[in-house]
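Please keep the sequence and the 3D view open as you read.

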Amino acid sequence: MNRQIVESRFRLDPELRFQRPELRLLAALWDEKRAGRIAPDRADFSPFVLRPYLPRVLIYEIVQEPGRRRFRIRLYGTLISQYSGRDSTGKFVDEIMTEQAYADFDRGLSWAADNARPLRAAGTYYFVDRSFVQFESVTLPLTIGRSSSIEQLLNITYYNDEA
């Protein structure tokens, strides 16, 4: 089953008004690990630190191309794979969904990268098979090594219909 996202309706919430306490804790952990830097380093979020969240983790690599910025999926958690019906590791986000749906994703991912701040999103994904799911997520910007620029985005998503 490959459930391509064909439409999305979600709100971006830079004020971080989380419904799920797990996401509130992650945003606080991000701020703690930032320790005065522009953002935490990717190494600050080791698999050990992320262990309770690993099935729902997405890591996006920011790729600058002539005239545009793209987001490549570096890690696609198993729960995310179950909901989408595929493993999109290594693919660019604009390759796995419609242009309309990608516009929302690009807006949110770009905001987190440009502002170097966590971003909450909540809303609904609509799939090509006419199914849909509601979600809440946080996107956390990260640096790599000694870089002072945002190079990756860590996203953790919870779905409202999880058992």
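Arg68 is partly exposed, since its relative accessible area is 43%; the classes here are buried for under 20% relative accessible area, exposed for over 50%, and partly exposed in between, with a 1.4 Å probe and protein chains only. This is a predicted model, in which local features need pLDDT of at least 70 and side-chain atom pairs count only at pLDDT 80 or more, while totals for chains, interfaces and linings use all residues. Residues are numbered from 1 along each chain as its sequence is written, and side-chain values use heavy atoms, with hydrogens and water left out.

**The charged group around Arg68**

- Arg68 makes a salt bridge with Glu65, with 3.3 Å between the closest N and O atoms; a salt bridge here is a side-chain nitrogen of Lys or Arg within 4 Å of a carboxyl oxygen of Asp or Glu.
- Glu65 is partly exposed because its relative accessibility is 25%.
- A network of salt bridges links Glu65, Arg68, Arg70, Asp94 and Glu95.
- Arg70 sits in strand 3 (residues 68-76) and counts as buried, at 9% relative accessibility.
- The side chains of Arg70 and Glu65 are joined by a polar contact of 3.3 Å, a term for a pair of N or O atoms within 3.5 Å where, within protein, one must be able to donate a hydrogen and the other to accept it, and where residues adjacent in sequence count only if both atoms are side-chain atoms.
- Setting aside neighbours within four places in sequence, the contacts of Arg70 (heavy atoms within 4.5 Å) include Ile62, Val63 and Phe92.

- Strand 2 (residues 57-65) pairs with strand 3 in the antiparallel sense over eight bridges; strands are DSSP runs of E with at least two residues, helices are runs of H or I with at least four, both numbered from the N terminus, and two strands pair if DSSP finds at least two bridges between them.
- Gln64 has Arg69 of strand 3 as its bridge partner.
- Two residues lie between the strands of this hairpin, where Gly67 takes a positive phi near 80°.

**Salt bridges at Asp13**

- The whole structure holds 15 salt bridges.
- Which residue forms a salt bridge with Asp13 at 3.2 Å between the closest N and O atoms? Arg17 does, and Arg17 is exposed, with a relative accessible area of 53%.
- Asp13 itself counts as buried, at 3% relative accessibility.
- Arg120 also meets Asp13 in a salt bridge (3.2 Å, N to O).
- Arg120 lies in strand 4 (residues 119-127) and Asp13 in strand 1 (residues 5-13), so this pair ties together parts that are 107 residues apart in sequence.
- Arg120 counts as buried, at 6% relative accessibility.

**Core and helix 4**

- The largest nonpolar core has 45 residues, and Tyr60, Leu153, Leu154 and Ile156 have the most contacts inside it; such a core is a set of buried Ala, Val, Leu, Ile, Met, Phe, Trp, Tyr and Cys residues joined through side-chain atoms within 4.5 Å.
- Helix 4 gives this core its largest share, six residues.
- Helix 4 (residues 99-115) has 17 residues and reaches 24 Å from its first C-alpha to its last, close to the 24 Å expected at 1.5 Å a residue, a span worked out as 1.5 Å times one less than the number of residues.
- Among the buried residues of helix 4 are Tyr102, Phe105 and Leu109.
- Tyr60 touches Phe105 and Leu109, among others, not counting residues up to four places away in sequence.
- Just after helix 4, Ala116 takes a positive phi of about 50°.
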